[in-house]
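Subject: Structure handover

Hi,

Here is the structure I said I would pass on to you.

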Amino acid sequence: PALLNALRLRALPPVQTLGPGEAAAFPPGSRPGPGGRGGEPDLATFFLLGGAEDGEERAALEAAARTNQRRQWFAHVPAPTPQDLRHLGAAEAELPALVAVFHPPELERPVALAPTGEAAARAFVGRHAMPTVKRLSPLTYSALEAAGRPVVLLLQRSTEEEDLPTLYAVASALREAAEDAALAGAFSYAYGDMQDSMVNGWVHHKFDLSEGIAYPGLLVYWMGADKYTPFPDWANSAPSTPEAIADFLRDVAEGKLPKKAALGQKSGVKQLMAAVGDLVTAANTWVVDTFEAGVRAFLTYSTSAHVDPHVDGKDKDKDKDKGGEL
């Protein structure tokens with residue numbers, strides 16, 4: 001899906017113009033649920049609400065969009081309806097506003113900014129490209145590791161509809177913790193769907209689940225040191241309130257809770273996840289670059305090979321005449 005999405009995006013203008021009431025169906029092929037819609041998993045879709053099509057806000061968004069055009073969708077809604085604003089979680093926003101929308105919205109709140117120029121738009125897009133609580137996958141594993149911060153990992157039994165309210169509630173609590181001044185910048189945040197066989201295998205070979213786990217499970221994992229601290233009595237007790245989650249993370253940040261050594265890489269799942277992520281990224285980049293090179297070559301050939309048919313016909317007639325004379 002990411003590859004097809006990249007090809008579609010490169011064939012379109014960097015910012016799509018939407019009419020009133022069209023925001024709910026954007027981006028094309030959108031679908032609800034964790035993992036994003038119409039694009040790479042969990043990436044935001046950016047909407048400029050209000051502002052003229054030839055205005056400075058639109059120009060600033062187009063500049064920011066060009067650097068992310070292979071990955072994300074950008075849209076401008078010059079005249080949003082009240083329904084558009086409600087759908088995008090921007091009913092109270094002062095227009096014009098730039099909004100980053102995640103799907104499903106319950107997992108990550110839309111974030112709005114009144115654009116003040118190209119630099120601000122670029123910074124906003126870069127800062128809000130992915131949600132605070134990222135879905136654990138090969139594509140996000142390497143990014144979490146590169147960030148160098150301990151990862152607060154939420155282990156969810158599944159992302160089936162009946163389990164989503166719990167996932168949303170805990171994710172909301174984690175977002176609140178991320179915004180806590182005492183914890184700002186202390187952690188990265190992710191959630192793992194235990195129905196995903198790769199995530200499930202990595203978790204069981206990394207953490208001691210011999211006594212079981214009460215879902216949703218919560219732990220802090222230091223990737224570099226290969227150590228972790230689970231939520232207290234996590235075999236029998238799941239975090240139930242935002243206050244309990246915040247207290248746990250503060251205790252971890254202050255070093256009040258012990259760290260456990262990870263079980264090791266018996267199955268090499270860590271290497272597999274990282275390798276798959278790198279392979280997917282490289283393959284997508286290579287195919288898109290090859291596709292674009294082919295299109296450019298075709299267009300160059302078509303332009304250079306174009307000959308006016310009338311002139312071409314006259315030349316052929318002359319050649320025929322000459323041939324007759326000979």
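This is a predicted model: local features need pLDDT of at least 70, side-chain atom pairs count only at pLDDT 80 or more; totals for chains, interfaces and linings use all residues.

Let's start with the largest nonpolar core. It has 43 residues, and the ones that touch the most other members are Leu174, Phe207, Trp234 and Leu249. Seen by element, two or more residues each come from helices H5 (138-147), H6 (164-178), H7 (197-206) and H8 (242-253), and also from strands S7 (151-156), S8 (188-193) and S9 (217-222). H6 gives the largest share, with eight residues. As a general point, nonpolar side chains in soluble globular proteins tend to be buried together.

Leaving aside residues up to four places away in sequence, Trp234 touches Leu155, Phe207, Asp208, Leu209, Ile213, Ala214, Leu218, Leu219 and Tyr228. Another core lies apart from the largest one; it has 15 residues, including Phe46, Phe74, Ala121 and Val125.

Two of those names take us to helix H4. Which residues of H4 (118-127) are buried? They are Ala121, Phe124 and Val125. Because these three cover an arc of only 95 degrees around the axis, they sit on the same side of H4. Ala119, Gly126 and Arg127, on the other side of H4, are exposed. As for what the buried residues of H4 pack against, the partners are helix H2 (56-66) and strands S2 (45-49), S3 (74-77), S4 (97-101) and S5 (111-113).

Now for the backbone. Most peptide bonds are trans, and most residues other than glycine have a negative phi. Here are the places to check against that:

- Phe26 to Pro27: this peptide bond is cis, with omega near 5 degrees. Pro27 is in the loop between strand S1 (16-17) and S2.
- Tyr215 to Pro216: here too the peptide bond is cis, and omega is about -5 degrees. You'll find Pro216 in the loop between H7 and S9.
- Asp226: phi is positive, near 60 degrees, in a residue other than glycine. The loop between S9 and strand S10 (227-230) holds Asp226, which is partly exposed at a relative accessible area of 24%.
- Asp233: phi is positive at about 50 degrees, although this is not a glycine. Asp233 belongs to the loop between S10 and H8 and is partly exposed, with a relative accessible area of 48%.

Over to you, and happy browsing!

Terms used. Residues are numbered from 1 along each chain as its sequence is written. Side-chain values use heavy atoms; hydrogens and water are left out. A nonpolar core is a set of buried Ala, Val, Leu, Ile, Met, Phe, Trp, Tyr and Cys residues joined through side-chain atoms within 4.5 Å. Buried means under 20% relative accessible area, exposed over 50%, partly exposed in between (1.4 Å probe, protein chains only). Helices (H or I, at least four residues) and strands (E, at least two) are DSSP runs, numbered from the N terminus. Contact means heavy atoms within 4.5 Å. The arc is that of the directions from the helix axis to the C-beta atoms.
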